[in-house]
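Please have the model open while reading.

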Amino acid sequence: MNPAVLSLLPSLNAGLNLASALLLILGFILIKQGAWTGHALCMCSALGTSTLFLISYLTYHYFHGATPFPGVGWIRPVYFTILVSHTLLAAAVPPLALVTLTRALRSQFDRHAKIARWTFPIWLYVSVTGVLIYWMLYRR
């Protein structure tokens, strides 16, 4: 892969994570207001941005490999605590999001709402900590 393009992917990934977080929050606000169509549009858009993120993230790490954390002192355990919690919860987001979406598409809104109560905060945490990890790795 072209090194110039590769060097842009971490910023793209952070932007996609930020977009996903904002769409999740807007979708949450809209459903609380009873705006079902707006909610559905935001949540499907969040799923799309998260999917693009995953493709870009895997592409970057396939060609670049791991990026070691350069920090020392108190920030190091803070970074790794965030990274470990982010990574573990990130593995849960795709199946949770797909089950949540499937229940909505099948008009099983009571079951959709029950799992969304878990999916939303986990997905939001993963999106926000993804931006934080980017900032700690690349923008210190």
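## Exposure and the positive patch

A residue is called exposed when its relative accessible area is over 50%, buried when that value is under 20%, and partly exposed in between. The model is predicted. Arg 106 has 60% relative accessibility, so Arg 106 counts as exposed. Arg 106 sits in the loop between α3 (75–105) and α4.

Arg 106 is one of the residues of a positive surface patch. Which helix gives the most to the positive patch? Helix α4, residues 109–138, does, with three residues.

## The nonpolar patch

A nonpolar patch also lies on the surface. Its members are Leu 18, Leu 22, Ile 25, Leu 26, Phe 28, Ile 29, Ile 31, Trp 36 and Phe 109. Together they have about 840 Å² of accessible area. Helix α1 (residues 3–32) gives the most to this patch, with seven residues.

Phe 109 belongs to helix α4. Its relative accessibility is 42%, so Phe 109 counts as partly exposed. The cut-off for exposed is over 50%.

## Cysteines

How many disulfides does a search of the whole structure find? The search finds zero. Cys 42 is in no disulfide, and the nearest cysteine sulfur, that of Cys 44, is 9.7 Å away. Cys 44 is likewise in no disulfide; for Cys 44, the nearest cysteine sulfur is that of Cys 42, 9.7 Å away.

Cys 44 has a relative accessible area of 45%, so Cys 44 is partly exposed.

Val 128 is located in helix α4. With a relative accessible area of 44%, Val 128 is partly exposed.

What separates the C-alpha atoms of Val 128 and Ser 20? The separation is 8.8 Å. Along the chain, these two residues are 108 residues apart.

Methods
Residues are numbered from 1 along each chain as its sequence is written. This is a predicted model: local features need pLDDT of at least 70, side-chain atom pairs count only at pLDDT 80 or more; totals for chains, interfaces and linings use all residues. Side-chain values use heavy atoms; hydrogens and water are left out. Patches are made of residues with over 30% relative accessible area and no salt bridge: like charges are joined within 9 Å, nonpolar side chains (Val, Leu, Ile, Met, Phe, Trp, Tyr) within 5 Å. Accessible areas come from the Shrake-Rupley method with a 1.4 Å probe; for residues, only the protein chains shown count as cover. A salt bridge is a side-chain nitrogen of Lys or Arg within 4 Å of a carboxyl oxygen of Asp or Glu. Lys and Arg count as positive and Asp and Glu as negative; His and the chain ends are not counted. The place of a charge is taken as NZ of Lys, CZ of Arg, CG of Asp or CD of Glu. Helices (H or I, at least four residues) and strands (E, at least two) are DSSP runs, numbered from the N terminus. Buried means under 20% relative accessible area, exposed over 50%, partly exposed in between (1.4 Å probe, protein chains only). A disulfide is a pair of cysteine sulfur atoms within 2.5 Å.
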